[in-house]
Amino acid sequence: MPALQRSANEMRIDIIRMLHAAGSGHPGGSLSLIDILTVLFLRYIKRTKENAQDPDRHRLVLSKGHGVPALYAVLARCGVIPHEDLLTLRQVDSYLQGHPHNGSFPPVEASTGSLGQGLSIAQGMAMAAKLDRKSYKVYCVMGDGESQEGQVWEALLSAPHHKLDNLIVVLDYNKGQIDGPTNQILNLEPLGDKLRAFNWDVQEIDGHDMQAIDDAVARAQEENGLPHFIIANTVKGKGVSFMEHPTEWHGKAPNAVETEAAIKELEALLN
Amino acid sequence: MAKATRVSFGEQLAELGATHPEVVVFDADLSKSTQSQLFAAKYPERFFEMGIQEHNMIGAAAGMALSGKKPFICSFSTFVVGRFEVIRMSIGYSEANVTVVGTHCGVAIGEDGYSQMALEDIALMRTLPNMTIIQPADDREAKAAVRFLADHKSPAFLRLTRQGLEDLHGDDYEFRFGKADVIREGSDAVIFATGGVVYNALKAAEELESEGLNIRVVNIHTIAPLDVEYVVQAAKETGRVITVEDHSIIGGLGGAVAEVLGERQPTLMKRIGMTEYGRSGTPEDLYVHFGLDKNGIKRQVAEFLK
């Protein structure tokens, strides 16, 4: 696990560099997300350049599309994106769009960024696996803000009805959205109770504890008739002290001075 | 015999189930109306009843398509295309090979009134760069369109009627995707019509012959991609263009033809279609009320050509 944590922190540096180079983007939700994606991709999905288009691959839909720098960073770590390409994020001739677009870059699996749509797509992928009796898992990583969308609750009602126990949702519950703290804008609580009432298999963990993430995802491999929902409590901007704030760093890129300060802090975590 | 294109669709799709194992069908609690029930009865394991959740149905179908399936998703057109932003992202921009099947189009659904009528769906779907749009005008064409779409590899929209449609085509009819279908020659003007009103437009043109007007009638089954070259050629040859559709005149077939001619062959046009919200009434009374019956089309065309 320390090796995984170290990898995640190295990817945090990639994220900061990408966002600084792009001059715009979403650091808070990318930094809260990276530990989750690190465990999912390096321990479970095991994405490689070779298996990225394999029909039997495990799939991950990033429903909170604004967290895509974290997805690109981990796909670079997996060898699917040449590392030097990361700095082309959001440029007009780059395949690394500001939000995931599978037409530009198929390994992101689906186009997201208009919030609340990814869980339905992941549900459909899980239904296809069941229909074809395939053993791949479908992961969906969601944000708390987007969980206010009506379509999310349609899918939350639907997936248990279709007994999609090959569907594993991880909520990056960083408690912040653009206009303020999530519980002040539109409170989701009591979230676990709501999900259990909707017939989901629910776990609640610290989303920055690599061992806890790994244990929860391991448990969620079980196919017991219920879809799996892991509420991962996270901190927006995690790893960079001055970015750890529910709203301040939702959608602004660090300038040169901030970038240097952030990387200095993150490099200290590597030692 | 008059048959609704939704019935033609349901029959043909149920047949294709045998040869197309990748075809899956979704419905949102309207399978008896959309006729997806015919497929459901034969292939229950490939039919997904989603309940009254159009947003989620669109997304789940996109996920299935991205996993190699060929979904047809069915509902009243206004309910499914009305969830346009999900179609835009999860089907269009995701390049998901889904066919959206919208039934109960236009005011011809009758008594249920405006809330169930799709009058804006073509306009919305036309804005998506990769969206194929097909609206058949009779049973044979509807079945041919379904066969075509089952093998088609891009997002698509199939617009179908609740009401029965008279046959326009014979047994030898060959559906040519993206091509205008000339059903009556003529040189004084051309009517481009689509869907359930093609027959009315044809009858109107036939009667106008006795008033000295020789009018061409062209069935536009493929609205996107439009047969641009034919539209320009017909405008050049006749000099007057009329469009007829059971849809808003904004953004539908009339809009599409006007856009092409405005850029390529400026021509005086008359767009016949809907300019206000629909209302309740029998389908026949509504077509008279809104000028989409044979006599209404005849009157408007004659006025335009005066």
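**A helix under cover**

Mentor: In helix 4 of chain A, the buried residues are A:Gly118, A:Leu119, A:Ser120, A:Ile121, A:Ala122, A:Gln123, A:Gly124, A:Met125, A:Ala126, A:Met127, A:Ala128 and A:Ala129. Here a residue is buried if 20 or more other C-beta atoms, placed from the backbone, lie within 10 Å of its own, exposed if 12 or fewer, and partly exposed in between. Helix 4 of chain A is thus mostly covered, with 12 of its 14 residues buried. Helices are DSSP runs (H or I, at least four residues), numbered from the N terminus. This is a predicted model, in which local features need pLDDT of at least 70 and side-chain atom pairs count only at pLDDT 80 or more, while totals for chains, interfaces and linings use all residues. Residues are numbered from 1 along each chain as its sequence is written, and chains are lettered from A and ligands numbered from 1 in the order in which they are written.

The length of helix 4 of chain A (residues 118-131) agrees with expectation, because its 14 residues should span 20 Å at 1.5 Å a residue and its end C-alpha atoms are 20 Å apart. The expected span is 1.5 Å times one less than the number of residues. After helix 4 of chain A comes A:Arg133, with a positive phi near 50 degrees.

As for the surroundings, chain A gives 21 residues and chain B 22 residues to the contact between them, where contact requires C-beta atoms, placed from the backbone, to lie within 7 Å. On the side of chain B that touches chain A, helix 4 of chain B gives the most, with 8 residues.

Definitions and conventions:
Contact = placed C-beta atoms within 7 Å. Helix = DSSP H or I, 4+ residues; strand = E, 2+ residues; numbered from the N terminus.
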